[in-house]
Amino acid sequence: MMLIRCPWCGPRGAAEFHYIGEFKPRPDAQSVTSADWRDYLYVPANPSGPVTETWYHRMGCRRFFNLERDTLTNESRAVGEGIR
Amino acid sequence: MQDLCCAGAGEHAHWAAAATGRNAVEPARANGRRTTRPAPRRPPRYSALALVRHGLSGKEWPRAWRDHPLGTSYDVVIVGAGVHGLAAAYYLAANHGITNVAVLDKSYLGGGGSGRSTAILRSNYLTPEGVRFYDRSMELYRTLAADLDYNVMFSRRGHLTLAHNDSSLRTMRWRAEVNKLQGVDSELIGPAEIKRLVPYLDISPDTRYPILGALYHPPGGIIRHDAVNWGYARAADVYGVQIHQGTEVTGIDVADGRVRGVRTNRGDIATPVVLNCTAGWSTLVAAMAGVRLPIQTFPLQAAVTEPVRPFLHSVVVSGTLHVYVSQTDRGELVFGASVDPFASYSTRGSLEFAEGLATHVIELMPALSKMRLLRQWSGLCDMTPDFSPIMGGTGVDGFYVDVGWGTYGFKAGPVSGEAMAECIATGRTPEIIASFGLDRFGEGRLVGEKGAAAVGH
């Protein structure tokens, strides 16, 4: 079983969580160019290595938080509160 | 790895543009000098008689393709020796006379998605573009054994996509009509007909997800995926295409917006054309050329049971239960599912997957509860936002992609190879892949196939 460390609940099985996606600050809708908005919508960094992501503890505290995870080994650590 | 992934940041220019005429490769004259290749080596034809004769002779079996020292220049370098890369190499040589081609793979031939696929073939997609495209692949698969002189064990046995609720029933009816309009044999059938085709299915109305109907696609079937890879490799080798296993691309040289060559762990190669066929790793390879792709890599797990007497004569798919089942010619049941719930490059299997899979399979066919799983494995899928592939030029002259194959790439191997070979040889994007260009995301012309591609294999 893969463990994910929720900043509020501690280590729990990954099946308790919902993966939101790579952490990407939302561009300002008033000033963003269409190219940047397209990138925000469609283009993930998709690295083979560490990446900061947003997760949701759906079967626990039901809070969003950020996680730094190595996509090659799936080792992870929480890095604070999420964006939502 | 990290900085490679960010190499293309901010280069929006590479989003634009399909291939231009300047990309065209002129056979035997690329790089301004004549290329000389040995005359095609004709291997002995494979036949039952040849098999028996050779088996009795007790001699070593000949290699199906050759190893070569890595050259310093090629007309075309294809990254990824899976079904897409090998098919592209074969059609470049067979249809367009471009034989100075190297196919590179960091691991072994057919060791990525092509060797991990559940190898289900069908063309009952949702969009006219998709149906047309995948049906051409079925057409090529039908005669592939004869074309390649290799038994690819294509078994046409019918394909059922089950509907467990009103909305899936509606999508099935929609798909059936789109399919019929494109000349593809596909129809909606009810539970009684389903039971006739697959007697072991539980069609009782009191299950958690009762079976209300199914999209029945008689031409669908399964194939021996390794045989397809090996058949293409052998047929391409006959034309002089070089296959280099254990050759990892570490960089792509681009100057003045044109591809100049690739760097590998075995040495540098000069080439005007690079084709990226690397599925789960495609964003990493594209980043080497400064091209960013709207792709995220997810693992997809599959499993196989011990072999039993043949009892399942159709491919059965359930989108609601996230599972598909087929029985191989050897009698094993092959199961597949949807991608894992989070992005990853790890190919480790999980117990959660095996548990979920078993639960859903038994829900469909309770009689299977005594069967034992033999093994499970995982492959990497390059998922696009619209569940359609990304094919063609990229805005870097000479850098082509045949990626975004997600969970549905194997069935498209032949047509992708054929289309990409034409694209590279003529410098024009063939009509059949025109709607799958990288520029569609910028222009908002997405080809939404989620309703037919998601779990439906």
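Begin by selecting the contact between chains A and B, to which chain A gives 19 residues and chain B gives 24 residues; two residues are in contact if their C-beta atoms, placed from the backbone, lie within 7 Å. Within the side of chain A that touches chain B, helix H1 (residues 34-42) of chain A supplies the largest share, 3 residues. That side of chain A holds 12 nonpolar, 6 polar and 1 charged residues (Ala, Val, Leu, Ile, Met, Phe, Trp, Tyr, Cys and Pro count as nonpolar, Asp, Glu, Lys and Arg as charged, and the others, Gly among them, as polar).

This is a predicted model, in which local features need pLDDT of at least 70 and side-chain atom pairs pLDDT 80 or more, while totals for chains, interfaces and linings use all residues. Residues are numbered from 1 along each chain as its sequence is written, and chains are lettered from A in the order in which they are written.

Next, select helix H3 (residues 83-96) and helix H9 (residues 225-238) of chain B, whose axes (lines fitted to C-alpha atoms over the stretch in contact) come within 9 Å and cross at roughly 30°. H3(B) and H9(B) are therefore roughly parallel, the term for angles under 35 degrees. Residues making this contact include B:Leu86 and B:Tyr90 of H3(B) and B:Val228 and B:Tyr232 of H9(B). The contact has 11 nonpolar, 1 polar and no charged residues.

Finally, colour chain B by domain: domain 1 is 2-33 + 67-117 + 225-293 + 386-453, and domain 2 is 155-221 + 297-383. Their centres, taken over C-alpha atoms, are 31 Å apart. At their contact, 13 residues of domain 1 of chain B meet 13 residues of domain 2 of chain B.

Technical notes: Helices (H or I, at least four residues) and strands (E, at least two) are DSSP runs, numbered from the N terminus. Axes are lines fitted to C-alpha atoms, for helices over the stretch in contact, and angles run from 0 to 180 degrees between N-to-C directions. Angles under 35 degrees count as roughly parallel, over 145 as roughly antiparallel, 65 to 115 as roughly perpendicular and the rest as oblique. Domain bounds come from an automatic or database domain assignment.
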